Amino acid sequence: MRRATALLLGLAALTALYGQGRSAQPAFRVVEATIPEMRAAMERGQITSAELVRQYLVRIGLYEDRLNAIIAVNPKTLEEAAARDRERSAGQTRGPLHGIPIALKDNIHTAGMPTTGGAVAFDGLVPPYEATVTKKLREAGAVIVAKTGMTELANWVAQGMPGNYNALTGYGMNPYDPRRDPRPGTADGRPALNTSGSSSGIGTAANLWAANIGTETSGSILGPANQNMLVGIKPTVGRVSRYGIIPITADQDTAGPMARTVTDAAIVLSAIESAAPDPNDSATAKRPAAAPRDYSSFLRKDALKRARIGIPRAFYYEAVTPPGAKEPRGGLNAEQSKLMEEAIAVLKQQGAVIVDPVNIPSIVAADAENNLLRWRICAGMGAAKGKDDNCSVVFKYGMKRDFNRWLATLGPEAPVKSLTELRTFNLARQAGGAIKYGQAQLDISDEMDLERDRARYEADRARGILLTAERGIDAALQKHKLDALLFPGASGYDIAATPGYPTVIVPFGTVPNSPNPPFPDRFDAKPQPFGVSFTGTAWSEPRLIGLAYAFEQATKRRFPPPEFP
């Protein structure tokens, strides 16, 4: 309540201060406006950056109480917009995002604003340095509007924590059905329509800003993009610097754009990608020297013509029974299957060569040792030391290693100095809601010994790469000479996340929101957004962006949330 009241009072004051003398009905409206449309309107003098920000602030004031999309609004956002306007008037534009309002996930360091990760321990923490991603946005001219809600510490606190829940601001709500779950077993305030993943696409979907930066370790860009009818680009690990981002594990962490169109997402990716390696992030040294930084030339409507696209039927479309298992796993329900067949038909109409089926070798492997479906991430107390023989320790080892490294970069002002101190802090404040769902993921991470467990970590990491890349995505792409694999919704996130491979997801339609157990009969659940994902090998973003753009232009199925006009 305190945060919501302060937010709305501040917005009202800012809007009144900077809105004096302005028309109440500006000719240019931000709802569903694209970045190129905003740029063109500013260039012809139809609107200013400050006016764009003002419109977004009004929308935040109108809708934030229902959506809970924000952890903090930038108190200087209108000052920054006015500065970009003065630069434009002087004939100076910084880059492709000049004057464009952007939001950042609240695990990304931002100068002059708190970066909390949604955790009570970091409430009010203003980091001593800015993330490389944030610097790149400012260099491109972006105006930082807000820090978005997120699942606490990118969803590596507790097993079973709902997506977009954190101890500071509670639950984020899905704009396509902003009601709470009424089922007795889950009526704790969580949304009826899952928002998914730890990155929030809520505000972008509801037109509270032009686009946002999310982060992903495994599904946290793709999942929210799917659930909020957005385009999401999860880049190859190393394309975008992670310096100044609260980590889970550097093996898989990356930042990437979420937007309403492929064009907007491509523009933002171009802005946040560095031309040279970041000395603070060794993964960026792996980026090919010839890799493009401007993706506009790949936005071609004919990009699907003669493209070879594989359909990974086993598990992702049709259920399979892994070796040693008693029950089948995976597959689509009838409504999802129908939608994906429509998508495949569109690809064919646009001239793509569809290779179907393309079963991923590690998914259909007959022996359990080589079957990816029998290899999971160690999570929860059931995967604590002594119980973790049949799962990967990569996440819990990486969290212990990289979270403590990040804390060290905060210097003497760090609220806690280690993962151990964070756990102790949380326990002392449990009665106040600090760890509503427990902290099992933190507990199993902190028990790792970085020296003694290194060999186990390295072995698990190597096995993961073998099953997801060499005998996974790369094996399928190479055998069938494919440009990409087509996954339903965000379902391919895990197999692509382990080797750090890229995916672009595009909105396509809706399916019934039919959870198990079901909603009460009187609860009329609204449809759930559902997209399609194009996944490729490392550094294949240019091709994937082209395929996604051509598909988007041929379908144009996205629609804004009806309740937030």
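Predicted model: local features only at pLDDT ≥ 70, side-chain atom pairs only at ≥ 80, totals over all residues.
Helix α2 (residues 35-43) and helix α8 (residues 262-272) cross at roughly 75°, and their axes come within 8 Å. That angle makes α2 roughly perpendicular to α8.

A second helix pair can be described in the same way. Two packed helices are described by the angle between their axes and the distance between the axes. For helix α3 (residues 49-67) and helix α4 (residues 77-89), the axes come within 7 Å and the crossing angle is roughly 155°. Angles over 145 degrees count as roughly antiparallel, so α3 and α4 are roughly antiparallel to each other. From α3, the contact takes in S49, A50, V53, R54 and L57; from α4, it takes in T77, L78, A81 and D85. By class, the residues where α3 meets α4 divide into five nonpolar, two polar and two charged.

In soluble globular proteins, nonpolar side chains tend to be buried together. Here, the largest nonpolar core has 94 residues, and the members that touch the most other members are L97, L137, I213, L486, F534 and F551. Helix α8 turns up again at this point: with eight residues, α8 supplies the largest share of this core. Setting aside neighbours within four places in sequence, I213 is in contact with I102, A103, L104, K105, I108, V133, L137, A255, G256, P257, V268 and I272.

The place of S198 is the loop between β5 (170-171) and α6 (202-205). Is S198 buried or exposed? S198 counts as buried, because its relative accessibility is 1% and the cut-off for buried is under 20%. Its side chain makes a polar contact with the side chain of K105, at 2.6 Å. The side chain of S220 is another polar partner of the S198 side chain, this time at 3.0 Å. Leaving out neighbours within four places in sequence, the residues in contact with S198 are K105, G149, M150, T151, A154, N155, N164, T215 and S220.

Another lysine, K400, sits in helix α12 (residues 394-409). With a relative accessible area of 14%, K400 is buried. What lies around K400, once neighbours within four places in sequence are left aside? The residues in contact with K400 are L419, S445, D446, M448 and L450. Two backbone oxygens pair up with the K400 side chain: the one of D446 lies 2.9 Å from a polar atom of that side chain, and the one of M448 lies 2.7 Å from a polar atom there. G433 is 33 residues away from K400 along the chain, and the C-alpha atoms of K400 and G433 are separated by 23 Å.

Finally, the backbone has some details to check. A cis peptide bond joins D356 and P357, with omega at about 5°. P357 is found in the loop between β10 (353-355) and α11 (361-364). The peptide bond from N516 to P517 is cis too, and its omega is near 5°. P517 belongs to the loop between β14 (503-511) and β15 (528-535).

For F315, phi is near 80°. F315 is part of helix α9 (residues 313-316) and is buried, with a relative accessible area of 18%. K556 isn't a glycine either, and its phi is positive at about 50°. This lysine lies in the segment after α17 (541-555). K556 counts as exposed, because its relative accessibility is 58% and the cut-off for exposed is over 50%.

Methods. Residues numbered from 1 in each chain as written. Heavy atoms only, no water. Axes fitted to C-alpha atoms, helices over the stretch in contact; angles between N-to-C directions. Helix = DSSP H or I, 4+ residues; strand = E, 2+ residues; numbered from the N terminus. Parallel < 35°, antiparallel > 145°, perpendicular 65-115°, else oblique. Core = buried A, V, L, I, M, F, W, Y, C linked by side-chain atoms within 4.5 Å. Buried < 20%, exposed > 50% of the residue type's maximum accessible area, 1.4 Å probe, protein only. Contact = heavy atoms within 4.5 Å. Polar contact = N/O pair within 3.5 Å; in protein donor to acceptor, adjacent residues only side chain to side chain. Nonpolar A, V, L, I, M, F, W, Y, C, P; charged D, E, K, R; others polar.
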